[in-house]
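Morning, everyone. Please have the model open and follow along.

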Amino acid sequence: MEWEIVIGLEIHVQLSTQSKLFSGASTRFGAAPNTQACAVDLAMPGTLPVPNEEAFRYAVMFGLAMNAEIGKRSVFERKNYFYPDLPKGYQTTQLEQPIVGAGEVEIHLEDGSSKRVRLHHAHLEEDAGKSLHEDFHGMSGIDLNRAGTPLIEIVSEPDMRSAAEAVAYLKKIHSVVTYLGISDGDMSQGSLRCDANVSVRLKGEEKLGTRTELKNINSFRFVERAIKVEAERQIDILEDGGCIVQETRLYDADKNETRSMRSKEVANDYRYFPCPDLLPVVITDNYIEELRELLPELPDAKAERFQSEYRLSAYDADQLTQERTSADYFEEVCKSCEEPKLAANWITGELAALLNRQEISIQDSPVSAQQLGGLIVRIKDNTISSKLAKQVFEAMADGEGSADEVIEKRGLKQVSDTGAIEQIVESVIAASGAQVDNYRKADESKRPKMMGYFVGQIMKASKGQANPQIINKILKEKLDALL
Amino acid sequence: MAVDTQTVEKLAELARIAISEETIEEVSDRLGDILQLVDQLQAVNTDGVAPMSHPLDEVQTLRSDAITETDQRQSFLNLAPQSEEGLYLVPKVID
């Protein structure tokens, strides 16, 4: 039997406004507990919410970026449930008339293919506070700083068919919101959170299987693992003749398994109704058009431009445009060296490896775009070999200055002086009697391979600075003269 | 529309309201009376009428994104039955 996995994602994105969705309290991350929870956030009697204009602006920008319909009249509703980190006893959210309607986005997969994923809608809502279950004499501690922080919840159609597609979609959303500058997209701080609805069905079957909702997946890697392990669990059950129970499940990253959240057994019955404290929010066509004008170049458009303007491959263009900061860095490097292909290789190769090792992002790169551009100029004009370029790169990463400074200080300039190279070649040949003998006796077809030994010795003797093309030329002449 | 006692129990649980055994019949009857009124409303033909989300025919005013609140944590914590290290303490809840 061949199974098909069907996935829809609900992504919560924290908007990077200064103040909360309905109050003037700060949304800054990391403040002392409850110092940013005001009377409105605490649901003190007599308080009234007033929506934040910027949150609407961000939500509309997102909708435009997703080619979605914009809700010109959007309505807040109350979603009723009790939990200590929700002082009002309801979350103010949108349901029937959200700010962003249906849309569509293209995702790019590792194998180079792409696919369209439909957006069901996206709505504005407030975040809840945080419960801390550590030791407070058997009690829970509540921090309401996050209560009321504006979120957009982005709901996809069940259009994804593998964990890899779900990750590609999540990355796309991440990339769009960070390009727009409406969120910092930091998953480790909870600025971007993801729930996945997962079901399986036999290939060719039209009807969707019973789904489960996976909560608590807080990194790109976990999204992939959680979906895979949940799909396997469902397939095992179905193949044993069992049934899937529609429920909310928690992903446990340590054990790499999902488990049922029993507390959600009392069926989700949120008794939504329009919030009487808030009037409908009306957005004009003018406002929408003004925002459309102000939209920055988005990842897909940028990737296309990188292909046409810099002649990059689709793969490189996609890699470099996933994050706006990498794209900006790349363009900065190109400005100073005019070698887009080399720039792309260095950024996705050596630089990416360095940033990975140091666990930092490109805006904190120890090697600036100008420095990398300077290095590429020196590779291009043959001042240094690409092998030594790596050494120069490492030195720049250690704060030794520009490429020219490092090359000068360390004396790494490539030697293209034939006389000097000839001397080294001669001394190496003189010191390698046995290898020369073998070379002479060998069949002609094997000789080119055998030259490798001599090249290695010559490189070593020249401390890697001899120009490889010149070595090859002189070496071949000298060895052939001995035949 | 009549409301059975099971529905009342479920609603009471969702709303975290305690309803005693003795009063549950009376509550069901009263809710049933209210729903009869709702039934009358439901009977009205509303084809082509947009749902009303608010009784006032007004549009929401938005505020600009500025921090206008100051930290008043201590005054708020003083109102809570229990607090510690700046946190409100509540009976343990965990999923």
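Keep in mind that this is a predicted model. I'll start with one residue pair. Find N197 of chain A: in β11(A), its bridge partner is E213(A). That pair belongs to the antiparallel pairing of β10(A) with strand β11 of chain A, residues 212-217, which runs over four bridges.

Now the other partner of β10(A). Strand β1 of chain A, residues 3-14, is joined to β10(A), residues 192-202, by eleven bridges. These two strands also run antiparallel. For a landmark, take I7(A), which stands opposite V198(A) in β10(A).

Next, a separate stop in chain A. Here we have an open sheet of three strands, with antiparallel pairing. The order is β4-β3-β14. Which strands are at the edges? They are β4, 90-93, and β14, 273-274, and each pairs on one side only. Look at β3(A), residues 77-80: four bridges join this strand to β4(A), antiparallel. Within that pairing, R78(A) has T92(A) as its bridge partner in β4(A).

On to the helices. Two packed helices are described by the angle between their axes and the distance between the axes. Helix α5 of chain A covers residues 299-310, and helix α6 of chain A covers 314-321. They pack at an angle of about 135°, and their axes are 9 Å apart. Because of that angle, α5(A) counts as oblique to α6(A). The crossing is right-handed.

Who touches whom? From α5(A) come P299(A), K302(A), A303(A), F306(A) and Q307(A). From α6(A) come A314(A), A317(A), D318(A), L320(A) and T321(A). By class, this helix contact has six nonpolar, two polar and two charged residues.

Last stop: chain A against chain B. How many residues does each chain give to the contact? Chain A gives 45 and chain B gives 31. On the chain A side, α1 (53-65), β7 (130-136), β8 (139-143) and β15 (281-282) each supply at least two residues. Sort the chain A side by class, and you get 25 nonpolar, 15 polar and five charged residues.

Stay with β8(A) for a moment. Four bridges join β8(A) to strand β2 of chain B, residues 87-91, and the two run antiparallel. To find the spot on screen, go to M139(A), whose bridge partner in β2(B) is P91(B).

That's my tour. Questions, please.

Notes
Residues are numbered from 1 along each chain as its sequence is written. Chains are lettered from A and ligands numbered from 1 in the order in which they are written. This is a predicted model: local features need pLDDT of at least 70, side-chain atom pairs count only at pLDDT 80 or more; totals for chains, interfaces and linings use all residues. Two strands pair if DSSP finds at least two bridges between them. Axes are lines fitted to C-alpha atoms, for helices over the stretch in contact, and angles run from 0 to 180 degrees between N-to-C directions. Angles under 35 degrees count as roughly parallel, over 145 as roughly antiparallel, 65 to 115 as roughly perpendicular and the rest as oblique. A crossing is left-handed if the near helix is turned anticlockwise from the far one by less than a right angle, and right-handed if clockwise. Two residues are in contact if their C-beta atoms, placed from the backbone, lie within 7 Å. Ala, Val, Leu, Ile, Met, Phe, Trp, Tyr, Cys and Pro count as nonpolar, Asp, Glu, Lys and Arg as charged, and the others, Gly among them, as polar.
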